[in-house]
Amino acid sequence: MDTMHPEIQQWLAFLRAEKRYSNHTLSAYQRDMAQLISLYPDSKLANITNPQIRSAVARLHSQDYSPRSLSRLLSTWRSFYKWFCIREQLAINPTLDVKTPKVPRSLPKALSADQTKTLLDTGLNLTDNSAIAARDQAIFELFYSSGLRLSELVNVDIQFHRVDKYESQGWLNLAEREITVIGKGKKTRLLPLGEKAIQAIEFWLSKRHLLLKPSTPVEDEYALFLGERGARISPRVIQLQLKKLGIKSNIPANIHPHVLRHSFASHILQSSQDLRAVQELLGHANIATTQIYTKLDFQHLAQVYDQAHPRAKKKK
């Protein structure tokens, strides 16, 4: 952390302790704040003004920063000053009413139902009978069964567990066929588990002891998914393992964990047409975030229409 700016250190420590933000997120926030400092190295954070924030956005935009990058930077600066203004009792938040160029809303990439089945069945049909293979299949089935975020899945424990300063951020209840997760904004949601996911998890649990080590940290002893060294599995390992499965499945798409979340949402919406239910399942605070799946669903319907309607087909 930047030793010249203890305020940033204190803010990041607050986010780690109170908000339980991941190290990955905190590192990104630190870099974003370093960007602001580099633009005004001679200014104290308490003295940076609204015109300076606007100028910073304009300068970075002229340096070919994308709208998405500018939006992320400004979001970090807003978050910092929201905390900092209260702490320092500043009269004016310099980030108020500052806007960035509009970020184009790209549609989430989702697999078709057939592609998803092919992907998951490929894992089932592998001859590898190792604990790692069982773990990976359970992970992928759980992603698609319940639409979890990557961070939520990593945090799931076998059951609710509290020890010292550790408390579960997600846990299974196989008897009730459900899983509890604590997502963004510390919002708790209860999600159903599909039959295939339950079968895969139970098979993995029969082999989980093979990855437990004497060195397994206390807070990871109840972790549902473990890495080869016995600690809670890392997000990067999951990303790599899923990418490998995508290659083995011969699916012409970049397969990553969020693809399975998007596929879950898209397929539920196509079947139910219940946007509110999908919002609850995904844990979106704002239904506008969920509405993007209606566009994805329309794309699917339009494709079906083009293929099936006798007067929609282009003449050859």
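Mentor: Ring pairs join W11, F14, Y21, Y29, F80, Y81, W83 and F84 into a cluster. Rings of Phe, Tyr and Trp (its six-membered ring) pair if their centres lie within 6.5 Å; planes under 30 degrees apart count as stacked, over 60 as edge-to-face and the rest as tilted. A search of the whole structure gives eleven aromatic pairs.

Before the details, some ground rules. The model is predicted, with local features needing pLDDT of at least 70 and side-chain atom pairs counting only at pLDDT 80 or more, while totals for chains, interfaces and linings use all residues. Residues are numbered from 1 along each chain as its sequence is written, and side-chain values use heavy atoms, with hydrogens and water left out.

Take W11 and Y29 as one of the pairs. Their ring centres are 5.5 Å apart and their planes are at 10°, so this pair is stacked. W11 belongs to helix α1 and Y29 to helix α2 (residues 23-39), so the pair ties together parts that are 18 residues apart in sequence. Helices (H or I, at least four residues) and strands (E, at least two) are DSSP runs, numbered from the N terminus. W11 has 1% relative accessibility and therefore counts as buried; Y29, at 18%, counts as buried too. The cut-offs are under 20% relative accessible area for buried and over 50% for exposed, with partly exposed in between (1.4 Å probe, protein chains only).

F80 and Y81 make an edge-to-face pair, 5.1 Å centre to centre with 80° between the planes. F80 counts as buried because its relative accessibility is 0%, and Y81 is buried with a relative accessible area of 1%.

F80 lies in helix α4. Apart from its neighbours within four places in sequence, F80 is in contact (heavy atoms within 4.5 Å) with E7, I8, W11, M33 and L45. F80 and I8 are 72 residues apart in sequence, yet their C-alpha atoms are 8.0 Å apart in space.

Now the helices themselves. The axes of α1 (residues 6-19) and α4 (residues 67-88) come within 11 Å and cross at roughly 100°. Axes here are lines fitted to C-alpha atoms, for helices over the stretch in contact, and angles run from 0 to 180 degrees between N-to-C directions. On the α1 side the contact is made by E7, I8, Q10, W11 and F14, and on the α4 side by T76, S79, F80, W83, F84 and R87. By class, this contact of α1 with α4 has six nonpolar, three polar and two charged residues. Ala, Val, Leu, Ile, Met, Phe, Trp, Tyr, Cys and Pro count as nonpolar, Asp, Glu, Lys and Arg as charged, and the others, Gly among them, as polar.
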